Amino acid sequence: MDFPGVRALEHVDFEIRSGEIRAVVGTNGAGKSTLMKIFSGVCPDYRGEIYCNQIRCFLNTPAEADRLGIRTVHQEVDTALFPDFAVYENLMMDDIVSQSSVSLRYDRKKLMRCAADILTQLDIRLDLRVPVRTLTLAQKQLLLIAKEIHRECRLLILDEPTAALSRAETEKLFQMVRQLAEQKATAVIFISHRIAEILNICDSCTVLCNGRVTDTFPVTKDTGTKTIVEKMLGGNVSGNDRDGTWKQSRACARPPVLLEVDGLSDREQKVKQVSFYIKRGEIVGLAGLVGAGKTEICKTVFGARRRGAGTIRVDGTEVNLKNPAEAVRHGIALVPEERRREGIFAAENIAFHLSAASLGTFCRFSFVNRDKIAAHASGLIKKLGVVCRDARQPVRLLSGGNQQKVVIGKWIAAESDIYLFDEPMQGVDVGAKQELFALIRELAEKGAAVLYASCDVSELLSVTDRIYTLYDGRITAELDTQETNEKELTYYVINDITEGSDA
């Protein structure tokens with residue numbers, strides 16, 4: 001399977017049996033997503049042959065995959081649900097569509113009874129009448145799995161299904177998956193970076209590296225975390241002979257430390273006793289998988305999540321940040337992961353955004369000086385290299401990279417000292433990435449403290465000075481970027497060394 005300039009998969013042989021739970025692992029870019037897209041009928045331009053029950057099939061469309069009983073639960077569950085429809089309507093949507101093709105009306109009571117029976121069989125407790133947008137992410141995940149398996153399901157593909165789940169919710173999901181495999185002989189492909197979960201639930205494991213299958217092996221009681229990690233990373237990895245315990249370096253933490261976080265936890269326990277510091281002019285990475293707690297740390301520091309414990313110091317002074325407004329007053333800026341939902345006002349223009357965090361600068365006696373805003377925006381657009389028609393252009397019409405420049409520009413105008421970047425390159429093309437990297441380095445060179453949170457190891461190695469690794473809401477290691485490498489960094493990101501790693 002080729003994409004322009006890239007061979008995503010090459011000579012992949014893959015076999016899974018009924019009732020088998022197979023893990024598929026690999027580092028970013030290994031080819032996992034491409035392989036699953038082929039199985040889901042999303043990538044019809046593949047080469048090779050696919051057989052289902054020893055009969056050759058052609059997965060040219062999602063409908064063809066659906067006809068064969070191949071169901072996929074993607075990591076971004078919101079893209080597969082209708083937020084304003086009730087739980088029972090989402091669960092029974094295929095039945096509603098089939099009924100609506102005959103009549104514009106459908107039997108709500110009958111559908112609710114069917115939905116209730118399905119959820120009861122799976123031991124899922126949800127209010128059938130509430131809109132899906134009111135559910136938690138974990139509830140949406142369980143609902144989507146129920147939706148996919150209540151019809152005939154021969155192969156269930158789960159893409160990082162536990163990323164946003166608590167341990168109790170994860171165990172609930174595992175019970176459902178085991179029930180499917182044992183009672184209905186459903187084959188399950190389980191894509192995950194969480195090795196402990198693979199050892200818990202999977203019967204076998206396939207390792208992908210650079211688009212090739214490098215190994216497939218049974219998962220037994222003798223299979224250890226270290227075995228899987230080393231197969232993923234292609235060799236013996238010992239974390240550079242570190243002892244598995246993490247202690248924050250204080251020797252190089254002399255002033256001027258601009259941001260210091262000590263023992264930080266949030267009320268929901270997504271952030272657990274986190275400590276780190278950032279000096280002026282330093283870019284510090286926060287490396288972790290999806291669901292490791294990167295976003296929660298950024299939002300807790302920014303006052304957007306409730307702090308349960310710990311202290312935050314800005315330029316040596318302890319601050320109590322109860323909300324984002326207080327964080328902004330102390331010079332802290334957040335560039336959020338979900339840019340469209342949390343970082344921009346889609347209907348507003350560029351000039352509005354570039355003045356939003358510093359509006360008082362452009363006011364006199366409560367009156368906004370629009371000419372001053374326009375002049376300021378034009379200068380900042382030129383400085384940031386925003387490609388646009390003019391400052392009056394709506395931000396929603398900009399590319400992802402240019403939208404991100406506008407979000408950063410808003411905080412530059414506010415003269416922020418501390419920047420929290422949460423997955424800043426998400427949805428940004430290669431050319432724009434380089435421009436944004438240069439902009440972030442420029443902020444640091446001018447004395448700002450930068451926290452760069454990402455799951456992309458290569459990004460972190462290219463832009464940071466130091467890196468903290470994160471697993472399940474806890475800091476597991478502190479690494480000097482110049483002295484580490486992709487293998488070591490990945491080792492700490494996917495391995496929960498706080499619980500020890502077995503051989």
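How much space lies in the second largest pocket? About 1100 Å³. Keep in mind as you look around that this is a predicted model.

**Stop 1: the pocket lining.** Select Phe14, Phe39, Glu49, Ile50 and Tyr51: of the 33 residues that line the second largest pocket, these lie nearest its centre. Now colour helix 1 (32-39), strand 4 (50-52) and strand 8 (187-191), the elements that each give two or more residues to that lining.

**Stop 2: from Glu49 to Arg56.** Buried or exposed, or something in between? Glu49 has 49% relative accessibility, so it counts as partly exposed, and Arg56 is also partly exposed, with a relative accessible area of 39%.

**Stop 3: Gln54.** Next, pick Gln54, in the loop between strand 4 and strand 5 (55-57). Check its backbone: phi is near 70 degrees, a positive value in a residue other than glycine. Gln54 counts as exposed because its relative accessibility is 79%, with the cut-off for that label at over 50%.

**Stop 4: a link across the sequence.** Select Glu10 and Arg212. They form a salt bridge whose closest N and O atoms are 3.1 Å apart. Which parts of the chain does the pair link? Glu10 sits in the loop between strand 2 (6-7) and strand 3 (21-25), while Arg212 belongs to strand 10 (residues 212-218), 202 residues apart. Glu10, at 22% relative accessibility, counts as partly exposed; Arg212 gets the same label at 40%.

**Stop 5: a buried pair.** Jump to Glu478 and Arg466, another salt bridge, with 2.8 Å between the closest N and O atoms. Glu478 is in strand 22 (residues 474-480) and Arg466 in strand 21 (residues 466-471), so the bridge ties together parts that are twelve residues apart in sequence. Both Glu478 and Arg466 are buried.

The structure holds 25 salt bridges.

**Stop 6: Asp315.** Move along to the loop between strand 14 (307-314) and strand 15 (317-319), where you'll find Asp315. What is phi here? Near 55 degrees, again a positive value in a residue other than glycine. With a relative accessibility of 47%, Asp315 counts as partly exposed.

**Last stop: zoom out.** Switch to cartoon and you can trace 18 helices and 22 strands in the protein chain. Of its 503 residues, 51% count as buried. Among contacts between residues at least 6 apart in sequence, 68% join residues at least 24 apart.

Conventions
Residues are numbered from 1 along each chain as its sequence is written. This is a predicted model: local features need pLDDT of at least 70, side-chain atom pairs count only at pLDDT 80 or more; totals for chains, interfaces and linings use all residues. Side-chain values use heavy atoms; hydrogens and water are left out. Helices (H or I, at least four residues) and strands (E, at least two) are DSSP runs, numbered from the N terminus. Buried means under 20% relative accessible area, exposed over 50%, partly exposed in between (1.4 Å probe, protein chains only). Contact means heavy atoms within 4.5 Å. A salt bridge is a side-chain nitrogen of Lys or Arg within 4 Å of a carboxyl oxygen of Asp or Glu. On a 1 Å grid over the protein atoms alone, a cavity is a set of points where a 1.4 Å probe fits but cannot get out, and a pocket is an open set with protein on both sides within 12 Å along at least five of seven lines; lining residues have an atom within 4 Å of a point. Grid points are joined across faces, edges and corners, and a volume is the space filled by probe spheres set on the points.
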